[in-house]
Amino acid sequence: MDHYEILGVSKDAEQKDIKKAFRKLASKHHPDKGGDPEQFKTVQKAYETLSDPDKREQYDNPNPFEGLGQGFGNSPFADIFGDIFGNRRHNAYRPQKNPDGLVDVGVTLLQAYTGTTVVVNTGYGSYEVNVPQGVADGTKLRLANRGPVRNTELPPGDLIVRLHIEFPNNWGRDREHLFYRQNINAIDAMTGCTVTVTHVDSRKYELKVPAGTVHGSRLKMGGLGMKIPEYGMVGDLYIILELDVPIITNTKDIETLNKIKQRNIYGKQIYR
């Protein structure tokens, strides 16, 4: 099955139709929605090829001369095939432009969350690059005809901008989901409390921590993860709670804790 069949579109489909078909299938097969991870990867690969004009052109028009004249060894037919196809094969593999350039650029998690524009400085130019909202670490953006020119007789290659996301302390990411480690007092975790969570974009939210919460618990804040418009996805923010044990030296407080221990309440984990 080829990429067009995987996405369920015709070979003359426009980009908007390809994107629409991908979003529908990505939502259907996404692992977080109970889909098949392998099928999701297959759909992703098909979209990555057909959504890129250069990759789509290569996919639609593979090199027709690849392999011709090979496998004949010292056969008398080798020279014949070489004469017939040699010139064409030579032209097919002749460089058509200068090689592409590659530059690594760091962006903050906030910039990846909101989308931004960064300036890329190279030894041969300075360019503005639009970083799309929800971009993943390691994403490569292509700037056509912005690469280095080593051979002045050939047109310039492309500039490949590889993005690396820089994470603040206590923050992490898994696809469209965000994670944040929040410290709270162990006694607050026992009795229940409300904590203030500061999002990566500086917005503040109140989060209710239920009584009996244990170390390492994850509380979900829906819809506060990465927004990825290209895939039609909005992730969640998970707060990972880490408990700080207070230092208690007051005699009366210690006596109270001992009474709680004696009633077999302290340290008991409740499964909900």
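Trainee: What share of the chain counts as buried?

Mentor: Of its 272 residues, 31% count as buried, where buried means under 20% relative accessible area, exposed over 50% and partly exposed in between, with a 1.4 Å probe and protein chains only. Please note that this is a predicted model, in which local features need pLDDT of at least 70, side-chain atom pairs count only at pLDDT 80 or more, and totals for chains, interfaces and linings use all residues. Residues are numbered from 1 along each chain as its sequence is written, and side-chain values use heavy atoms, with hydrogens and water left out.

Trainee: How many helices and strands does the chain have?

Mentor: There are eight helices and 13 strands. Both are DSSP runs numbered from the N terminus, helices being H or I with at least four residues and strands E with at least two.

Trainee: What share of the contacts with a separation of 6 or more comes from residues 24 or more positions apart?

Mentor: Such residues account for 53% of them; contact means heavy atoms within 4.5 Å.

Trainee: Turning to the helices, at what angle do H2 and H3 cross?

Mentor: The axes of H2 (residues 15-29) and H3 (residues 37-50) cross at roughly 165° and come within 9 Å. Axes are lines fitted to C-alpha atoms, for helices over the stretch in contact, and angles run from 0 to 180 degrees between N-to-C directions. H2 is therefore roughly antiparallel to H3, as angles over 145 degrees count as roughly antiparallel, under 35 as roughly parallel, 65 to 115 as roughly perpendicular and the rest as oblique.

Trainee: Which residues make that contact?

Mentor: H2 contributes Gln15, Ile18, Lys19, Phe22, Leu25, Ala26 and His29, and H3 contributes Gln39, Phe40, Val43, Gln44, Tyr47 and Leu50. By class, the contact of H2 with H3 has eight nonpolar, four polar and one charged residues. Here Ala, Val, Leu, Ile, Met, Phe, Trp, Tyr, Cys and Pro count as nonpolar, Asp, Glu, Lys and Arg as charged, and the others, Gly among them, as polar.

Trainee: And how far apart are the axes of H3 and H4?

Mentor: They are 6 Å apart, and H3 packs with H4 (residues 53-60) at an angle of about 100°. The two helices are therefore roughly perpendicular to each other. Glu48, Thr49 and Leu50 of H3 meet Lys55, Arg56 and Tyr59 of H4, a set of two nonpolar, one polar and three charged residues.

Trainee: Now the strands. In what order do the three strands of the open sheet lie?

Mentor: The order is E1-E5-E4, with mixed pairing; two strands pair if DSSP finds at least two bridges between them. E1 (101-108) and E4 (140-143) are the edge strands, each pairing on one side only. E1 runs parallel to E5 (residues 159-166) over eight bridges, with Val107 partnered by Ile165. E4 and E5 run antiparallel, joined by four bridges, and Lys140 stands opposite Arg162.

Trainee: How many residues lie between E6 and E7 in their hairpin?

Mentor: Two residues lie between them, and Arg175 in the turn has a positive phi of about 55°. E6 (residues 171-174) and E7 (residues 177-185) are antiparallel, with four bridges. E7 also pairs with E13 (residues 237-244) in the parallel sense over eight bridges.
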